[in-house]
Structures are given as C-alpha cells and as structure tokens.
Amino acid sequence: MQIELQFSSSGENVLSFDYQYELASALYRTLTARAPALAKELHDGAQRSRIKLFVFSLFNSEPKPEVVKLPDGRSGLKFGKRVWMRFGSIWPELLYQMADALQQAGELNICGQKFHLESLEMVKTPEFRPEMVYRPFGQAGFIVCPYKKAGKTLYQMPDDSEPGIPSCRELIAGNLRHKLLRLREIRPDIFENIMSIGNLSADAVSELPIRVEFLPLSETCAYRTRLVQFKGVNIRGFRAPVRITAPEAVHRIVWESGAGALNSGGWGMMELGRQ
C-alpha cells in the first residue's frame, strides 16, 4: 500500500540539499508520538539493522523546488506552496500507524521548517501483470544499489560502470528476494498470501524468476545520478525507468516497499512508468 500526503508551506520553506536524513528523522519522531513501541523497534530494536519494509519519497513541490544558498554557504532547496510526498509499506500495521500519526500531528517539522498536512489519501494499487514498468516517484526520486567490497561500499549504476561487483540488475533482483524473506519473518501470513497468488511455494524465493531491465531516461540520457550525504556518508543513486518481469509477489514488494536499497532512508519509492 502507498499513501500520498499533501502539505502546504509558506512558499519560503528552505531545507538543505541533503535533507533526507532530517525528513526520515521527522517521520520517526511523528511515529514515536503515536506508536512509541513500534518506532523504537524500527529504530533501535530488532529491526534496526534489517530491511524495514517501508519506503518514502522526498518532497515534491509546485512551483518546483528552487536551488538557493543557505546562510552557511551550503546549497539548499526552497519549496513551493504546494508540497507532496508518498509513504509505502507492505506491513499494514506500520502504514496505518504512520498515517494515524501524521494526521494526529497535522504537520511535519523539519529543522524548524513546518509543512502543514492538508490531506492524506490511499494511492490505488495497480493491477499487476508479469511485466511492469516503474520509475522513481516524483521530482527527486532515485534508486540506490550499494555493494560492500574490501571494506568499502560501492554504488552500481545501470550501465554496470563499477567493475568487479554484481550488476545493477542482479543487485535489484537479489534485494527483492531478500525483502520477501524479511516479509516471511515479520508477517508470514501476508508472505504466504502473496506467494499463493502465483501458486508459489514458500521455499521458492531463491528461485523466483526476476528480470530487471533499465530503460533510457530520455532520448539523449540513459540515466541521471545524484550524490547525497546521509548521516555523513556519501550515497550515489540513479534515476531511470525500470522494467521488471516477475511474479506478482515481487511486484507487490516493488510497489509497497521500494526498489533497490536504503528505502527507509528515502530511496526507491516507485510509481508506474509508461507501460
């Protein structure tokens, strides 16, 4: 499931270019006020170092965000008066608790910049076919494919420009299988249900056929990259449409919990692309 949040702002709200961590922190604070036990489990408990099975997008705005300079000289983004984002999770309790928490708070406060919640709506779940095209959601959506090698974290791109590590396609497919296994741990009933849609056994995850293809972003650009600092670490992501051919269980993971890694940090929220 996905929810879309519509906010209003003064039209003068400015956040740092690398505001993803601050947005994630604001969401955790909001959830803590409504469901402290769940928030603690996600942030500090059993889920801390595991895939959390939720995803959120960055802010989009109308007019589009404008690049400005902050007082300390860093780059910032000034958002328009209408701001929106999405939050998704295949874990129903988490999504419902987050929705209730946001409605109760009535706003998101990020570094003193207030974004007032105007509406919260469920996004219609698409009818999944074996082959689906997705794209990173909104104006600033990106996908991240990290891989650790020799103590370093490398980031693979769609053209597999980082040598000596698995391809971007392999990393995304492997991550989707990992998410299904995490779902089996957290909510085995939901796992069994979505696997049964395709008459798949619970032991079929490792053998699931998942084909990942990248489509060009435009006629002149295969993909676009973005480097962001998150908790002091440089993270490199990419933006490009993705065609995924797989059973419905996999498509539900993509739609409800994101593609690629670091979804709980604001990467990998997907929407339907041109089919």
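The buried residues of helix 1 are Gln20, Leu23, Ala24, Ser25, Ala26, Leu27, Tyr28, Thr30 and Leu31, where buried means under 20% relative accessible area, exposed over 50% and partly exposed in between (1.4 Å probe, protein chains only). The model is a predicted one, so local features need pLDDT of at least 70 and side-chain atom pairs count only at pLDDT 80 or more, while totals for chains, interfaces and linings use all residues. Residues are numbered from 1 along each chain as its sequence is written, and side-chain values use heavy atoms, with hydrogens and water left out.

Turning to the aromatics, a search of the whole structure comes up with 11 pairs, counting rings of Phe, Tyr and Trp (its six-membered ring) with centres within 6.5 Å; planes under 30 degrees apart are stacked, over 60 edge-to-face and the rest tilted. Tyr21 and Phe230 make an edge-to-face pair, with ring centres 5.6 Å apart and planes at 90 degrees. This pair links distant parts of the chain, as Tyr21 sits in helix 1 and Phe230 in strand 14, 209 residues apart. Tyr21 is partly exposed at a relative accessible area of 34%, whereas Phe230 is buried at 13%.

Phe214 and Phe238 are also edge-to-face, their centres 5.6 Å apart and their planes at 85 degrees. Both of these residues, Phe214 and Phe238, are buried. Elsewhere, Phe7, Tyr19, Phe59, Phe79 and Phe115 form one aromatic cluster.

Conventions: Helices (H or I, at least four residues) and strands (E, at least two) are DSSP runs, numbered from the N terminus.
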